[in-house]
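Trainee: I am new to this structure. Can you take me through how its helices pack?

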Amino acid sequence: MRFSVEEIACFERPVKLRMPFRFGVVTMTQAPQAFVRARIRLENATQAEGAAAELLVPKWFDKNPALSNEENFEQLRQSMRAAREAYQGCGLDTAYGHSRPAVGLVESYGPALLDRALLDALCRALDVSFYEAVRTNLPRISFSGLDMNLFLAGLEPANRIAARHTVGLSDPITSLEHGSPVGDGLPETLEEVIARYGHRWFKLKVGGDVKADVERLGAIAGVLDRIAEPYRASLDGNEQYRDVDGVLDLWRAIKAEPRLRRLASSIVFIEQPIKRQNALAGLEMLAEALPPVIIDESDDSLDAFPRAKALGYRGVSSKTCKGIYKSLINAARCAQWGPDYFMTGEDLTVQAGIALQQDLALVSLLGLAHVERNGHHYVNGMAGLPAGEQEAFLSRHDDVYERSHGAVRLRIREGMIQMRSLDCPGFASRVLPDWSAMGRMP
């Protein structure tokens, strides 16, 4: 199970959003997507390549307003360069042994990508699926106080998962307010999204102003309440509230607003509402006064979740950009701590292709019933990829994708994503990206 890391190459591909995505302090219209190609050599001299991809998202890993988006991109590139130097040329070790866990979201970005690419290569070398590799603990994951072998052996991947639709802070809610349509035939308003995809799970962004947030949630509820079946939602604060008092004010205002009665009863958790500087201090009252609250941006190290638990937090997010091993370890903690603690699947505009498939496989194996998905809404699928690469993904994963409006894109029916085809040799993909159709990372 041991291998050496022979070569790591980093690439980029531009991604342009079809409509702006506003979350927290940023409105994103474009960003590069980073790719890693890793080549490994097993003890028996077998060689294999693996891949991973992640968007270089501004103003999430580091929300310093003094930094430009370009400076945020360069921070993440530097994290990848540092990880490449740390991993490349190392001697024989297991996949988990090669991992270099870091403290900090920016610092963890590079290792998170490389760990996935190395595990993909190992799975391809041994002709096993990601599911089989993790359940048999092929990476040799270990962590003090947790029986990882026992926990991983009990995981059962699902063949489908509910897509939780993100409603960004600038997204149009109804056609009445929609003054400048994109006009590409794909859904733009929340009304159109529900009609097209049949979502019953939603993620609603709030912006830190109680009055404005309640007013916008009222408009959203006006659409969601038309759904005859039960629906569920999460609130995502993206660190927009300074402290717990602000979050309590928001929740009280939501509960007091008659228009939000059904929406309030449908909210299952609140995601990181408080700025990370204050998030892990003085939150003991959260458990009693609010729906369950999870950490996301504050999950910057392997000890963050236990510290949050001690302060009243009930859950933590899984994001591939924070590391697959962190997700698996935190899921084992939830299992050990009992049913009051949970993990959620969150998106950072994961793009169609290997990034999407690896994230879906992870949340599927973790046993999650729903996952935030937003890349298919803000980005026009694989429209920016070569036709051959699009066709390769569609033909080998035709349950995950469909072709419509001139491009291959994620397939969602009745709010669900099918993903049986991800149970294949490698990390959830029978296809590797077209390396010739992207540039080397600067």
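Mentor: Start with the axes: they are lines fitted to C-alpha atoms, for helices over the stretch in contact, and angles run from 0 to 180 degrees between N-to-C directions. Helices are DSSP runs (H or I, at least four residues), numbered from the N terminus. This is a predicted model, where local features need pLDDT of at least 70, side-chain atom pairs count only at pLDDT 80 or more, and totals for chains, interfaces and linings use all residues. Residues are numbered from 1 along each chain as its sequence is written, and side-chain values use heavy atoms, leaving out hydrogens and water.

Trainee: At roughly what angle do α1 and α3 cross?

Mentor: Helix α1 spans residues 69-87. Helix α3 covers 105-126. Their axes come within 7 Å, and they cross at roughly 55°.

Trainee: Are α1 and α3 parallel or oblique to each other?

Mentor: Angles under 35 degrees count as roughly parallel, over 145 as roughly antiparallel, 65 to 115 as roughly perpendicular and the rest as oblique. The crossing is at roughly 55°. The two helices are therefore oblique.

Trainee: Is the crossing of α1 and α3 left-handed or right-handed?

Mentor: A crossing is left-handed if the near helix is turned anticlockwise from the far one by less than a right angle, and right-handed if clockwise. For α1 passing α3, the crossing is right-handed.

Trainee: Which residues of α1 meet α3?

Mentor: Contact means heavy atoms within 4.5 Å. On the α3 side are Val106, Glu107, Ser108, Tyr109, Gly110, Pro111, Leu113, Leu114, Asp115 and Leu118. Facing them from α1 are Gln75, Leu76, Ser79, Met80, Ala83, Arg84 and Tyr87.

Trainee: How many nonpolar residues are in the contact of α1 with α3?

Mentor: Ala, Val, Leu, Ile, Met, Phe, Trp, Tyr, Cys and Pro count as nonpolar, Asp, Glu, Lys and Arg as charged, and the others, Gly among them, as polar. This contact has 3 charged and 4 polar residues. Its nonpolar count is 10.

Trainee: Move on to α6 and α7. How far apart are their axes?

Mentor: Helix α6 runs over residues 190-197, and helix α7 over residues 210-224. They pack at an angle of about 30°. Their axes lie apart by 10 Å.

Trainee: Are α6 and α7 parallel or antiparallel to each other?

Mentor: Their packing angle is about 30°. Their crossing is right-handed. From the angle, the pair is therefore roughly parallel.

Trainee: Which charged residue sits in the contact of α6 with α7?

Mentor: Leu190, Glu191 and Ile194 in α6 meet Ile220, Val223 and Leu224 in α7. The classes are 5 nonpolar, no polar and 1 charged.

Trainee: At what angle do α7 and α8 pack?

Mentor: Helix α8 takes in residues 244-256. The axes of α7 and α8 are 10 Å apart. The helices pack at an angle of about 35°.

Trainee: How many charged residues are in the contact of α7 with α8?

Mentor: α7 passes α8 in a right-handed crossing. Val210, Asp213, Val214 and Leu217 of α7 touch Gly246, Asp249, Leu250, Ala253 and Ile254 of α8. Of these residues, 6 are nonpolar and 1 is polar. The charged ones number 2.
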